Amino acid sequence: MVRIAALSDIHGNLPALAAVRKAVDAARPDYVAICGDLVFNGPDPAGTLALVKELEKSGAFITLGNTDLAVADGDYAAAFPWFTDGIPESYEAAAEWARDQIGDDGIDYLRHLPSERRLRVGDDLVLFCHASPGSLTDGLGADLDPVVTIDRVSGTDAKVIVCGHTHLPEIREVGWRTIVNDGSAGYIFDGDPTASWALIEIDDDGVKAEIHRTTYDVMAASDAVSARGLPGDVYRAATIRTGKLVR
């Protein structure tokens, strides 16, 4: 049996990531994957990135997220294509602030992250991506039209697709594939203000996956965002505090 711990969408929330790391270490997986959106929005992008790099040195697979692209290169149209009338000031301010916090080394690190990673487990292929195969922004949400879902997953031969982006954890079978959306380890939207991550087990009998929830000091993270004072921080703080998207 091979066991994989997957997390994503940390969004600069270091207390959440530190708590998830302890939980993951206790689970003793064979592999760890972090599927993007590392630093944007939260109160400690530099500390978060330092811990991500530490996990990478221990063997973790790290991939790029759409907001990492916004922070690293300021390509807001590519990072947020749904804003057809221009990028909100709050998004641009948060990206610029995170860019300043992580510095040139952090920017260079984000720029060199791959958009996808793959792992072969026996005859099975596991794909780690941010939103969906081949895309940083086209998610695999539960409310997506089934035809669109099938089209988005057909871009890979992977039996297991591990992703995030929607901030809503879910495990779903689509034909012979298993989609594991680990939710968000720092900026969750399902109303449960904890950090979510997934544990995947693959053996000769198939694929088994489970969503885990880890508590952390939500108020400390929320207060740190409020104290920063960027445009939109009152909504970001409320999102962290409630576990629901507030805007």
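Tutor: D9 lies in the loop between β1 and α1, where helices (H or I, at least four residues) and strands (E, at least two) are DSSP runs numbered from the N terminus. The model is a predicted one, in which local features need pLDDT of at least 70, side-chain atom pairs count only at pLDDT 80 or more, and totals for chains, interfaces and linings use all residues. Residues are numbered from 1 along each chain as its sequence is written, and side-chain values use heavy atoms, with hydrogens and water left out.

D9 counts as buried because its relative accessibility is 0%; buried means under 20% relative accessible area, exposed over 50% and partly exposed in between, with a 1.4 Å probe and protein chains only. The phi of D9 is positive, near 50°, although D9 is not a glycine. Most residues other than glycine have a negative phi. H11 is also found in the loop between β1 (2-7) and α1, and H11 has a positive phi, near 55°. With 3% relative accessibility, H11 therefore counts as buried. Beyond its neighbours within four places in sequence, H11 is in contact with D37, L38, V39, F40, N41, G42, T67, H167 and Y187, contact meaning heavy atoms within 4.5 Å.

The largest nonpolar core has 48 residues, and L7, L38 and L110 have the most contacts inside it. Such a core is a set of buried Ala, Val, Leu, Ile, Met, Phe, Trp, Tyr and Cys residues joined through side-chain atoms within 4.5 Å. Helix α5 (residues 89-111) gives the most to this core, with 7 residues. Residues up to four places away in sequence aside, L110 touches L38, V39, L49, L64, D68, V71, A72 and I102. Apart from this core lies another, of 16 residues, including C35, L119, V160 and A198.

Next come the helix pairs. Helix α1 (residues 14-27) packs with helix α2 (residues 45-57) at an angle of about 25°, their axes 9 Å apart. Axes are lines fitted to C-alpha atoms, for helices over the stretch in contact, and angles run from 0 to 180 degrees between N-to-C directions. The two helices are therefore roughly parallel: under 35 degrees counts as roughly parallel, over 145 as roughly antiparallel, 65 to 115 as roughly perpendicular and the rest as oblique. L14, L17, A18 and R21 of α1 make the contact with G47, T48, L51, V52, E54 and L55 of α2.

Helix α7 (residues 218-228) and helix α8 (residues 233-242) have axes that come within 8 Å and cross at roughly 180°, so α7 and α8 are roughly antiparallel. From α7, V218, M219, A221, S222, V225, S226 and R228 meet D233, R236, A237, I240 and R241 of α8. Within α8, D233, R236, A237, A238, T239 and I240 are buried, and the buried residues of α8 pack against α5 and α7. G243 follows α8 and has a positive phi, near 75°.
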